[in-house]
Amino acid sequence: MKWITVSRKMGTHGSDIAKRVASELGYRFYDTEAINQMAQELGVLDSIRQVDGKTPPLLQRIFSDRPAIYLERLYSVIYELAKKGDAVFLGRGSHLLLRDFPCALHVWVTASPETRILTLLDQGFTRDAAARAIKRSDDERSAILKFAFGVDWEDPTRYDLVLNMDKLHVDLAVRTVVQMIRSPDISEASAEALRILDTLALTSRAEAALNEATLEHRFAVSFSVSVVAPGKVRVSGRVETEGQRVNAEEVLRAVKGVDVVENAIELVPAVRTAV
């Protein structure tokens, strides 16, 4: 099992390259539509749509933890898709989420502004509209990666292969990616890699669910969730009432993939001061 992530700038044929690589190799292809389909299966589609290639509003980022919850759910979707087998992922921070796996190849598709404008002109854009669309796309994609991961989207060290489409044509780009992924330098996913993916996916979903419940019920507490075995999570922290302790456990039991909850939450009643 191997994975390819393709990050691209608008007007570089990056999406076409990703699709053709997937077709050539017989790999699954995961773009926004496929990611949303998995999100719907997991019951988190509404959250995923909140971070669909754009950063949340400034005030929401400053005064709410909800954007972090949305991102955790996006991460869980990417991990779940990776577990299904050989795949090509198009954007959505997949190159960062899968960066520590030696079975993944991370590709960056770029080009000069003029090349990108000419590509959009061929698609029916005017020159001014093309320039505006490119700037808007670059700003949005750069901002979401900075917000979600705190990294520079264009940092070449985040990728294994950089394709500059100023001189390359799509056929050559596809052949280059296919040759690299077939190289023995890109290893097959191990059983340990799949176990880690499973843990990451379940941890992300469980943390998001518990954090959302914390916001809704206004618990003055920080919970810690860990996956201790397949389908088994352990939750710790401190709450003031038994009802809060029970509620936290119920939230986790409702998370898809959770079979057993080990409740290590401490009950610490609030100290009332005499008036």
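Setting aside neighbours within four places in sequence, Phe 89 is in contact with Trp 3, Ile 4, Thr 5, Val 6, Tyr 30, Ile 78, Leu 81, Ala 82, Ser 94 and Leu 98, where contact means heavy atoms within 4.5 Å. This is a predicted model, in which local features need pLDDT of at least 70 and side-chain atom pairs count only at pLDDT 80 or more, while totals for chains, interfaces and linings use all residues. Residues are numbered from 1 along each chain as its sequence is written, and side-chain values use heavy atoms, with hydrogens and water left out.

The pLDDT, which is the predictor's confidence in each residue on a scale from 0 to 100, has a mean of 87 over the chain, and 90% of the residues reach 70 or more. Over residues 58–64, however, pLDDT stays under 50, and the model has seven contacts beyond four places in sequence for this stretch. Where pLDDT is low, the predicted coordinates should not be read in detail.

**The cores.** A nonpolar core is a set of buried Ala, Val, Leu, Ile, Met, Phe, Trp, Tyr and Cys residues joined through side-chain atoms within 4.5 Å; buried means under 20% relative accessible area, exposed over 50%, and partly exposed in between, with a 1.4 Å probe and protein chains only. The largest such core has 32 residues, and those with the most contacts inside it are Trp 3, Val 77, Phe 89 and Leu 98. Helix H5 (66–82) is one of the elements that each supply at least two residues of this core, and H5 gives the most to it, with nine residues. A second, separate core of 24 residues includes Val 21, Leu 161, Val 174 and Val 178.

**The sheets.** Helices (H or I, at least four residues) and strands (E, at least two) are DSSP runs numbered from the N terminus, and two strands pair if DSSP finds at least two bridges between them. Five strands form an open sheet with parallel pairing, in the order S2-S3-S1-S4-S5, and its edge strands, S2 (28–30) and S5 (161–164), each pair on one side only. Three bridges join S2 to strand S3 (residues 87–90), and Phe 29 has Val 88 in S3 as its bridge partner.

An open sheet of three strands has the order S6-S7-S8 and mixed pairing, with S6 (224–229) and S8 (260–267) as its edge strands. Strand S7 (residues 232–239) pairs with S8 in the parallel sense over eight bridges, and Arg 234 stands opposite Glu 262 in S8.

**The ring pairs.** Rings of Phe, Tyr and Trp (its six-membered ring) pair if their centres lie within 6.5 Å, and planes under 30 degrees apart count as stacked, over 60 as edge-to-face and the rest as tilted. A search of the whole structure finds five aromatic pairs, and the table describes two of them.

| Pair | Centre to centre | Angle of planes | Kind |
|---|---|---|---|
| Tyr 30 and Phe 89 | 5.1 Å | 45 degrees | tilted |
| Trp 108 and Trp 153 | 5.0 Å | 85 degrees | edge-to-face |

Tyr 30 lies in strand S2 and Phe 89 in strand S3, so their pair ties together parts that are 59 residues apart in sequence. Both Tyr 30 and Phe 89 are buried. Trp 108 is buried, with a relative accessible area of 4%, and Trp 153 is buried with a relative accessible area of 4%. Ring pairs link Trp 108, Trp 153 and Tyr 159 into a cluster.
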